[in-house]
Amino acid sequence: MTRNTTTTLAATCTFALLAASGCGTPAMTAADMAKIGPAVDLAPENLDIGTPVPVATNAVVTTVAFGSMGNPGSGHLTTVGLTDQKVTKAIDTSIGSDNFVRAEGGKVLVLDHTNGTLRVYDPKAGFKAPVEIKTGDMTQKAATSNPHDVALVPASSKALVTLYGNDAAHAVGLIDLATPAMGVVKWIALPQAMKDPDGKPEASEIHLCGGFAFVTVQDLDETNFAFTPTGPGRIIAIDLAKDAVDTTMGVITLMGANPNGFSRDGTGCDIVLTADAGSQFKAPDGGGGIERVDLTLRKSLGMVIKDSDLKGHPREISAKSKTLAYANLTLIEKGAPMDKFIGNQVVAIDPSTGKLLGTISQVGSFIAFAQVSPDKSQLFVGVHDPDFVTMMPKIGVYVVPADGTTKLGATPLDIGQGPYAIAFY
Amino acid sequence: MLDRRTILLTIGALLALATARARAQIKLGTVEVEAEREVEEGPEVDAPAAVTVIDARRPSARVSSVADLIEREAGVQVRSTGGLGAFTSVSIRGSDPTQVAVFLDGVPLQHAASAVVDLSQLPVGGLERIEIYRGVPPLELSSQAIGGAIHLVSRRGRPGAHLRAAIGGGSFGARSASVGYASGGRLSVDASAAYHGARGDFTYYDYSGTLIDHTDDHPASRRNNAFDQVALDVTLGSALARRGRVSIGSHGFLKIQGVPGRGTDGAGSRDARLSTGRLILDGSVEQPGILGPAIDLRIDAHLVYGRTLFSNARGEPVGSYLPASTDSATIAAGLRGRLQAAVGAHELWTLFASAEVEHFRPDDLLYPRGNPAPSTRVRAALAVGDDVRLLHDRLALTPALRLDAALSHLSPGLDVRGQQESGANSASAFASPRLGARYRATSWLTVRGSAGYLQRLPTAIELFGDGAFILPRPSLRPETALSGDLGARLEFAPRSPTLSATRVTLEGNLFSRQISDYIALVPSSHALAAQNLPGEVRFLGVEAIARLRVATWLTASLDYTFLHTLAAGGDLAANTDGKELPGVPRHRVGGRVQLAGGPFSCFYEALRTGDVWRDPQNSDGNFIPARTLHALGAAAGPFGRLPLTLTVEVRNLADLRVVDLPLGGLIHVGETTPYPLVDRYDYPLPGRALYATLALQN
């Protein structure tokens, strides 16, 4: 990798502006930075570092029974065979009730948002004897860290964890899987948005590409219950060689607010779609949508489709191809005195044209995920709660062909509890 | 543990008080010291429904509220967030805490704004007794009581002049002081003032949020768990002409407490505060023979003002984990009237009417724009009941019908998709029939049963949300319950003079309750929302109660409850149909043995709670294991003319603080992990605690 000194200085200055509202020269805009060019060479031959991921044969689904009536919640770990759809329920019923799952490097990684832990399971060992690691250290407690996503750093024992509940200085934690008792061994500070009063960048999902970890940053105002976005969302690049924010154009300012997940737009990892949820307690106003981002140029390529056209806030995006992707929407309608929450619905879109192709699911009260399988043939939709009037769609995991038209079938897979998150291994 | 300085101060203060009292006796002349009279014959024996009456007049440093007095009773399960003064809810026969109605002298304490009455905010200093109606409650206490009712009865003045005082202290900074006075005659007075407080800094087992990794487990001290509360209760009564009586009462309460949070490493708070204030003014007029020699009239009126302030300025990990400063107020006013007419010598008709208006004003001080609008609810009830005595009064039948109506209003209008688009008014009316029967088969056997169809209206928060994490659901239907029980009571009292005051009482009850439109908070992708569950939730159980009293030297009690709960006919959450409710034990048994000789006595108590599921799916291995908590105590006094009693008691005698929690799932078969002794929402409970109380009572 090569570095452009001029760009490095400019970007440092921009970071300084963001962090301390002062810099010797006028701040550079994203357009300026785009003109300068990429900080690193993200040519395809340099992408997808690390060992090739074996073809996934299973889905791992975490489930949740939320706590209520004086009882704590609970969560389960369950697997689903991708070919035979064989469900193995309740492999572990001791995971947290607010969780997240990833599968990388042959391992299954489960985050507990509530207690601030990472569990590492080895499916080859029958998931037995998982390793449990805190997402904190002695000074920055794990219990309030609210880990949102985890990514294993290729060819190393390191893992990056985004910590939604932490301040900017502790927004990302580096964990060494070889020393689990240490918890976080290094903190990676993210630049704080000027207008965000709560001090937390709300670092969310991670996408690895070309020696960098790209982190969506939501910059929400947590001083009120509306979690209002304080500005456009950001993607921040972490240099995996330095375990620090890339000082060369490390911040991508998005057009939309409140970015959630990534999905590759095509076969490479450098062009991605992000689901910008916008101001998700209000009716869609164009502040969010599906956005295309070029991680090579470190710039947004613009909105594919706005939330106002989707008539819902995208919670996640999962692409099958350049012409078909699925978005899980939060539907909010205009109302008075407050806008009305309707539910979640999965829709198909054509990212190449920005067209809404149609609905895939009924409106459910809580559709936890809609993800395309790694071989791009199947769509997995997890329904945690149905619409309370129609009682549809039913609770469970629906598996349908990922053809953009097939709607959810009559009966989902029963996975024990309401599904919450999914990954493939 | 108990602070020695606290003990010395306690004893010193009590001795000083006793000396002062002795001087007062001399000055006033001879004042006989009498043992506290037995609780007046309550409804326990004669009522067709299952009811427990508890004497609330025993001062103790470990008893700061109603919660601390009722935990061992049959059918009752209290759950707290840990330690003296902590939030405590009550469940009766497996009900949800929102379904248990609580009354103070007939004044409903469960208001539109709050679904659960926090028992820790119900002080006992001004109470004479606590009545727990486990089945169908009396006509006048039926509103909202689909899961049973708890009626707190205030002390009344009594003949003579009676002073009472107590001071105590105990582990974890527990301290208490109370004083009261009662007098009787044409004007009767009972006044009491009580203070309770504690640091609440007990040590518990902190598993640090890691169930598998034990290397980070450590003992921790509970922080920000202190409380201070004062209660002032005054009741005045005066006789009127023609055996009439008027009485007024004032009940003030103020509590300031820390909100400690879950308590796992880093998940505690330092500054979050909850302040609660409540003032209840009530009055009643009773006039026998008002419209005829056999017609009695009673009219009650009440005014309730409650205010709750919550502050979490630094966004500590409690509540929403966000900075918060809220100030909510509830004001309620009500009127109740009861007309009783005797028809012949064996029948009594009751006509009852009530109306109450409540206004709830939430105020988010940090984010006023997010405030839900104030809510107003008007409720009215009309009821008629009969009490017919047949077969020479051996058989009592009590048929009754109660009509309830309610109108809830939120302004300005609010609409939710597909449901009551036109506004935020919610109206409902409900007819509630019930029947009770009691048959005295012999002098020692009484059979009784009751059945009723009751409802609970949704609270304002359940209907309209809280502007934050609970979404509005104005179309929510009331919960309805079909309840019934059948029981027998056997009472033996040998007539031998050598066994005077000896009595054995055995009671058994079968009970059943079926709740439709069960209201539960369920999640959406956005927040929680109250929702009527499809199908029904059923409860089936048995209560067995034994009481033994042998002369004056032995008393013993045993309360056992078997409870089978079942979610039936619906499956709102996955795989819950046919499963038991989480958090409700199948088996629960409480026992107490007391030995007494002269002024000395000692007691032993045990409370065993069976396994409880942690999830509604009843997943294998996912339960809190059964546990038994022991207590031991001793008392000395009163001594002749020195009306002092010293009581010392140890709770959680075995210092149980760690349990073996099963790790559920296919990969953990047979595995357990050390886990703190926990209760409501897995908040930790204290280990062994010592309390001492010195009481003066004449």
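What is the order of the four strands in the open sheet of chain A, and is their pairing parallel or antiparallel?

Reply: Happy to. Please keep in mind that this is a predicted model. The open sheet in chain A runs in the order 3-2-1-30, and its four strands pair in the antiparallel sense. At the edges sit strand 3 (87-95) and strand 30 (418-424) of chain A, each of which pairs on one side only. On average, neighbouring strands in this sheet are turned by 25° against each other, direction ignored.

Let's look at one of the pairings. Strand 2 of chain A, residues 74-81, is joined to strand 3 of chain A by four bridges, and the two run antiparallel. If you want a place to start on your screen, find L77(A): facing it in strand 3 of chain A is D92(A). As for what holds such an arrangement together, strands of a sheet pair through backbone hydrogen bonds, either parallel or antiparallel.

A word on confidence for this chain. Chain A has a mean pLDDT of 86, with 86% of its residues at 70 or more. The exception to keep in mind is residues 1-52 of chain A, where the pLDDT is below 50; that stretch still has 74 contacts in the model beyond near neighbours in sequence. Where pLDDT is low, the predicted coordinates should not be read in detail.

Key. Residues are numbered from 1 along each chain as its sequence is written. Chains are lettered from A and ligands numbered from 1 in the order in which they are written. This is a predicted model: local features need pLDDT of at least 70, side-chain atom pairs count only at pLDDT 80 or more; totals for chains, interfaces and linings use all residues. Side-chain values use heavy atoms; hydrogens and water are left out. Two strands pair if DSSP finds at least two bridges between them. Axes are lines fitted to C-alpha atoms, for helices over the stretch in contact, and angles run from 0 to 180 degrees between N-to-C directions. pLDDT is the predictor's confidence in each residue, from 0 to 100. Contact means heavy atoms within 4.5 Å.
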